[in-house]
Amino acid sequence: EKQRKKEEWSLADFEIGKFIGEGKFGKVYLAREKQSGYVVALKVIFKKKLEKYRFHAHLRREIEIQHGLNHPNVLRLFAWFHDATRVFLVLEFAARGELYKVLRKLHHFSEKRAATYIASLAGALVYCHEKHVIHRDIKPENLLLDIEGRLKIADFGWAVQSNAKRKTMCGTIDYLAPEMVENKAHDYAVDNWTLGILCYEFLYGIPPFEAEDQKDTLNRIVKVDLKFPSTPHVSAEAKELISKLLVKDSSKRLSLKNILKHPWIVKNADPTG
Ligand SMILES: COc1ccc(C(=O)Nc2ccccc2)cc1NC(=O)CCSCc1cnc2[nH]ccc2c1
């Protein structure tokens with residue numbers, strides 16, 4: 001029947017299920033909306049924590065931004081409500097969980113799977129940029145997979161230490177673009193750089209500038225010291241796309257629209273996302 005527009009949700013509308021994630025501001029639980037039976041992720045944020053970090057304004061702005069976003073590859077914020085001590089975010093639940101855990105298990109993705117994820121990310125970023133939303137922190141930790149295996153930019157809000165197992169998890173520097181390492185002004189083009197890093201990591205299983213210690217990683221980033229291990233499962237077109245994204249001069253990086261038209265993407269990406 002016509003989904004009646006609820007003015008105000010409350011905790012009583014949900015059955016709370018198992019704990020599924022930990023954030024700096026609170027915990028995330030599986031939950032089922034009683035009326036529809038719809039399964040969601042319910043994020044519980046403590047107001048006291050928000051005050052302590054002076055984040056209530058940021059959360060309010062983020063909720064306004066997220067509420068307007070509706071793209072198949074961006075995790076949905078369906079609703080929010082609060083009680084005396086907590087703010088609740090009703091988020092889309094991505095049933096296949098964190099993308100990088102799948103990457104660790106498979107060691108690397110096939111070209112078809114990698115190209116499909118890169119096309120999904122490029123499409124989601126075109127959409128976000130059209131809505132003037134950037135800083136979608138697109139590290140693998142922030143990428144989830146829904147029940148059909150479709151990629152979702154989860155954007156874990158702020159300073160949320162996702163329960164990642166990565167050895168370089170805390171402040172993963174592998175994704176920093178040169179202009180960020182050199183503390184220059186950065187703009188949307190950092191996302192294009194990050195897509196290059198991700199494409200490499202999807203295909204080889206490790207980020208391109210990984211090094212024993214962080215100093216060397218930063219040096220390799222600013223020098224764009226890009227090397228491709230010789231392996232049969234990565235085509236010349238894939239390397240060509242990566243080489244057009246990992247470019248020091250941010251104005252010379254392949255644009256998001258041109259990524260979607262690149263021969264490797266056109267040939268390998270599954271259009272259903
Ligand atoms: C649109 O998304 C969000 C919007 C806002 C915030 C947020 O916390 N904002 C904030 C908080 C405090 C101060 C300021 C701003 C977080 C998210 N998104 C997530 O947190 C994703 C993982 S929780 C969901 C989810 C789904 N599906 C899964 N499958 C497996 C685990 C899992 C986990």
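This is a predicted model: local features need pLDDT of at least 70, side-chain atom pairs count only at pLDDT 80 or more; totals for chains, interfaces and linings use all residues.
View 1. The ligand is surrounded by 24 residues, counted when one of their heavy atoms lies within 4 Å of it. Lys 43, His 58, Glu 62, Ala 94 and Ala 154 are the closest. Sorted by class, this shell holds 16 nonpolar, 4 polar and 4 charged residues; here Ala, Val, Leu, Ile, Met, Phe, Trp, Tyr, Cys and Pro count as nonpolar, Asp, Glu, Lys and Arg as charged, and the others, Gly among them, as polar.

**View 2. Polar atom pairs at the ligand.** Look for pairs of N or O atoms within 3.5 Å. Lys 43 places a polar side-chain atom 2.8 Å from a ligand oxygen. For Glu 62, a polar side-chain atom is 3.1 Å from a ligand nitrogen, while a polar backbone atom of Ala 154 also lies 3.1 Å from a nitrogen of the ligand. The protein buries 96% of the 710 Å² that the ligand exposes when taken alone (Shrake-Rupley method, 1.4 Å probe).

**View 3. Ser 243 in helix α8.** This helix spans residues 236-245 (a DSSP run of H or I, at least four residues). Ser 243 is partly exposed at 33% relative accessible area, between the limits of under 20% for buried and over 50% for exposed. Its side chain reaches the backbone oxygen of Lys 239 at 2.7 Å. Beyond residues up to four places away in sequence, Ser 243 touches Leu 226 and Phe 228 (heavy atoms within 4.5 Å).

**Notes.** Residues are numbered from 1 along each chain as its sequence is written.

Technical notes: Side-chain values use heavy atoms; hydrogens and water are left out. A polar contact is a pair of N or O atoms within 3.5 Å; within protein, one must be able to donate a hydrogen and the other to accept it, and residues adjacent in sequence count only if both atoms are side-chain atoms. Helices (H or I, at least four residues) and strands (E, at least two) are DSSP runs, numbered from the N terminus. Buried means under 20% relative accessible area, exposed over 50%, partly exposed in between (1.4 Å probe, protein chains only).
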